[in-house]
Amino acid sequence: MKKSIPWIIKYRPKRVEDVVNQEKAKELLIPWIKKWLSGNPPEKKGALLWGPPGVGKTSLVEAICNEYNLEKIELNASDFRRKKDIERIALVAATKRPLPPKKGRIVLLDEVDGLSPRGDEGAISAILELLEKARNPIIMTANDPWGQHLRPIRERVLMVEFKRIPKTKALPYLMKICESEGIYCEKQALAYIWEKNKGDLRACINDMQAIAEAYGKITLDLAKALVVERDRTLTPWEMLQHLFYAKYFWQAKKAVTSTDLDYDTLFLWIAENVPKQYGDDPEDLWRAMEALSRADVYYGRIKRRMNWSLLPYYFEMLGPGVALAKEKYHKRARWSYPEKITLLAKTKEQRRIREELATLLSLTQHVSKSYAKAEIIPLLKFIAQHNPQYFARLALGLRLTDEMIKFLAGKEYRTVIRIKEKLLKEMEEEAKIRAAREAKEYLERKALEVVEEEKVEKWEEKKEEKAEKVEKREKKERKREERRGGLTLLDFLNKKK
Amino acid sequence: MSSAYEMLWAEKYRPKTLDEIVDQEEIVARLKKFVEEKNVPHMLFAGPPGTGKTTAALALAHDLYGENYRQYLLELNASDERGIDVIRTKVKEFARSRTPPNVPFKIVLLDEADNMTADAQQALRRLMELYSATTRFILIANFPSKIIEPIQSRCAYFRFKPLPKDKVVERLMYICKNEGVQCEKEALEEIYELSEGDMRKAINILQAAAALGKVTVDAVYKAIGYAHPAEIREVITKALNGNFMEASKHLRKLMLEYGLSGVDVIKSIHKEIMSNNLKIDDRLRVLIADYAGEVQFRMTEGADDEIQLQAFLAKLALLGPRFKSA
Ligand SMILES: Nc1ncnc2c1ncn2[C@@H]1O[C@H](COP(=O)(O)OP(=O)(O)OP(=O)(O)O)[C@@H](O)[C@H]1O
Ligand SMILES: Nc1ncnc2c1ncn2[C@@H]1O[C@H](COP(=O)(O)OP(=O)(O)OP(=O)(O)O)[C@@H](O)[C@H]1O
Ligand SMILES: [Mg+2]
Ligand SMILES: [Mg+2]
């Protein structure tokens with residue numbers, strides 16, 4: 001069977017009227033958009049479209065962009081974490097004029113519920129800031145908008161609910177797709193598919209395509225045989241079970257697309273458990289790891305270029321690629337929660353310090369940051385471990401902060417800090433002594449000059465007349481007073497600075 | 001060792017002027033000529049690490065502009081500031097800034113230019129032409145073949161050689177004397193052998209050894225432990241023995257503890273595999289080299305370096321035992 005583009009992409013609604021059944025949502029959203037376009041922005045700068053998967057949230061936004069000739073600037077859940085991405089978007093959102101012929105812009109933050117409630121506090125506040133400054137409509141989507149961490153967002157935006165697509169609306173729509181594909185299709189089959197997918201139009205269309213591509217027609221029997229209930233999200237453990245014991249392509253793909261894990265976490269769950277499950281057979285293991293490697297490449301491209309149309313390939317490598325890597329049966333291994341997540345949380349501080357250290361070293365030692373990490377940091381660690389005394393002086397010379405010292409010196413940390421403080425104190429003392437000595441010398445020199453001056457004056461005075469003599473002496477006296485009495489050690493030091 | 005402040009010796013003993021540079025005589029002579037004439041072409045400095053490329057560029061600027069040469073020199077580390085956009089804006093800004101009093105141009109130093117993408121290099125080519133009246137570029141590369149031809153053709157080419165044994169040993173000796181550190185000549189010779197004409201590496205090892213006390217051959221051997229090739233070798237060996245789990249655990253530790261990037265690791269692995277330390281079948285070497293290259297490529301495209309390296313280890317775990325039994 002030839003490869004074709006996914007129907008959900010081919011039949012993605014082009015115009016607002018193509019989006020089925022979401023009249024209520026349109027009634028709220030369209031006037032809101034029109035306000036923006038009229039140059040009279042609404043009070044709420046953002047809208048949050050929420051509802052079950054596959055009912056037209058993203059589609060409606062795209063249709064609006066299309067119909068009103070707006071430029072769509074999109075950011076996905078996995079990008080939100082990167083502050084600079086948000087800042088970049090904020091910048092674009094703040095500048096008013098889009099490139100012609102576009103008449104305006106929409107910022108789409110898709111799947112905000114994919115933000116992790118623990119890890120990404122920064123993201124939420126960045127979004128709030130974005131909402132504050134926005135001069136273009138900010139539209140967000142979520143399946144579940146009721147998470148505690150989304151509350152500040154909920155309070156500031158227009159909430160727009162999307163409903164499941166009822167049978168009466170879904171069936172004619174699905175039938176139309178079959179017609180334009182020229183595929184024989186039984187109405188009961190569509191009803192069955194709809195039933196199983198509970199009004200998720202995307203899932204319906206995907207199931208139809210899966211059957212049609214394999215068998216060239218869609219009958220009730222085929223639907224009953226192939227469509228499995230997509231009724232609930234899987235826990236990570238269930239996902240692994242379904243994945244590792246999947247017999248067919250679609251089963252495996254379904255397993256990895258039926259969790260509510262964000263993409264990074266999902267990947268880790270699988271990547272860390274593949275070696276456990278397949279570890280007893282190097283060939284199966286290798287094939288599965290290769291599939292993961294490919295999946296990661298797609299994921300990198302998706303993230304880097306925001307090319308979300310590659311997402312299906314990612315899931316296909318991650319799911320079927322891994323599941324069908326096995327040639328023999330493996331009994332269920334002891335799977336576990338991804339260790340890396342805990343490790344990364346634990347080492348976050350450490351990584352930040354290392355990064356700062358590498359930046360500092362790359363600037364002062366004229367090397368790249370990666371060289372600093374690979375060569376110089378280990379060198380410093382070595383010295384800290386074997387000669388804390390010496391390391392303390394290096395720390396001073398390199399202007400390392402205390403946390404950098406702690407990072408490098410590990411258990412020698414206290415020793416190093418103690419020595420460093422001692423050195424600093426010694427230097428301070430030394431500087432004080434030196435300054436005092438210099439000040440003393442200076443004053444002595446000055447005093448000597450004054451004596452000399454007096455001698456000259458006396459000699460001159462003799463030659464002058466008495467009346468003048470008295471007057472002049474008084475003047476000199478005053479001058480001398482100023483010069484001598486006014487000059488304290490403090491003044492001197494201040495002058496030196 | 002009088003001051004309380006200590007520096008890293010590689011930097012402390014970086015020659016300030018062209019005259020102080022060890023060896024590389026022809027290059028130094030040509031550069032001095034440029035200084036005399038107060039005219040510098042675009043230049044490409046190529047050669048192995050730690051042979052004086054960056055040093056020569058800084059010293060040239062020093063000799064041209066005097067002590068305050070920093071303000072007339074823009075130093076960009078290409079491997080850190082990847083994007084051409086960064087380079088473009090920085091260069092533009094710099095080109096507009098104050099010109100030096102006696103010299104009609106400023107210098108942009110692009111260190112590790114071979115790490116720039118071909119795209120970035122193409123854009124650089126335009127910059128070099130656009131600003132050539134007021135700005136001269138010095139590009140530094142370990143692998144000059146990674147510099148695209150049109151850039152090579154715009155540059156005077158200087159090839160730095162690995163430093164010869166006697167010069168390195170002499171320099172190390174000089175440093176020891178200056179630092180009041182006791183050393184054995186054999187130890188310094190050993191340092192040379194371990195650093196293969198890379199003066200920075202040599203000085204780093206020397207300083208690590210000196211931190212242990214007297215610089216003896218034993219101290220040197222202990223000191224080279226600061227770098228991690230030994231651990232990389234363990235990872236490879238474990239994988240080749242078919243022990244994927246252990247290998248990948250160790251790998252994770254290396255990456256998290258040392259903060260090595262995936263590319264750092266695969267490069268070290270590659271080096272290790274190509275060295276004679278690892279006794280493996282040459283046919284296996286070929287297969288591994290090919291796959292290491294593939295993995296490095298995938299890392300530039302992918303999202304998670306670690307998974308790419310793990311896939312690599314899985315391959316080793318598959319191939320290693322096969323070649324052992326054959
Ligand atoms: N209301 C609808 N009208 C027409 N087509 C729809 C509708 N809902 C979904 N579809 C079809 O399903 C596909 C996916 O829909 P869409 O991307 O809009 O879902 P969503 O609501 O954003 O889901 P999720 O919450 O999972 O992101 C569309 O490309 C389209 O083919
Ligand atoms: N020719 C040399 N003469 C004296 N010292 C040198 C010479 N080459 C290198 N060094 C020493 O090694 C250190 C690093 O040298 P430099 O930064 O010039 O290396 P590089 O050739 O730029 O290496 P890389 O390719 O790793 O950037 C210098 O600070 C200096 O201490
Ligand atoms: Mg969506
Ligand atoms: Mg250099």
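Reader: How far is a polar side-chain atom of B:Arg14 from an oxygen atom of ligand 2?
Author: The distance is 3.0 Å. Such a polar contact is a pair of N or O atoms within 3.5 Å. A note first: this is a predicted model, where local features need pLDDT of at least 70, side-chain atom pairs count only at pLDDT 80 or more, and totals for chains, interfaces and linings use all residues. Residues are numbered from 1 along each chain as its sequence is written, chains are lettered from A and ligands numbered from 1 in the order in which they are written, and side-chain values use heavy atoms, with hydrogens and water left out.
Reader: Which atom of ligand 2 does B:Arg200 approach with its side chain?
Author: An oxygen atom, 2.5 Å from a side-chain N or O atom of B:Arg200. The protein covers 98% of the 620 Å² of accessible area that ligand 2 has on its own. That area comes from the Shrake-Rupley method with a 1.4 Å probe.
Reader: Which helices of chain B each supply at least two residues of the shell?
Author: α3 (53-65) and α9 (199-210). Helices are DSSP runs (H or I, at least four residues), numbered from the N terminus.
Reader: Switching over. How many residues surround ligand 1?
Author: 20, with A:Lys57 and A:Ser59 among the closest. Being near means having a heavy atom within 4 Å.
Reader: What does A:Lys57 do there?
Author: A polar side-chain atom of A:Lys57 lies 2.6 Å from an oxygen atom of ligand 1. A:Gly54 has a backbone N or O atom 2.8 Å from an oxygen atom of ligand 1.
Reader: Where is A:Glu428 found?
Author: In helix α21 of chain A, residues 413-463.

Methods. Polar contact = N/O pair within 3.5 Å; in protein donor to acceptor, adjacent residues only side chain to side chain.
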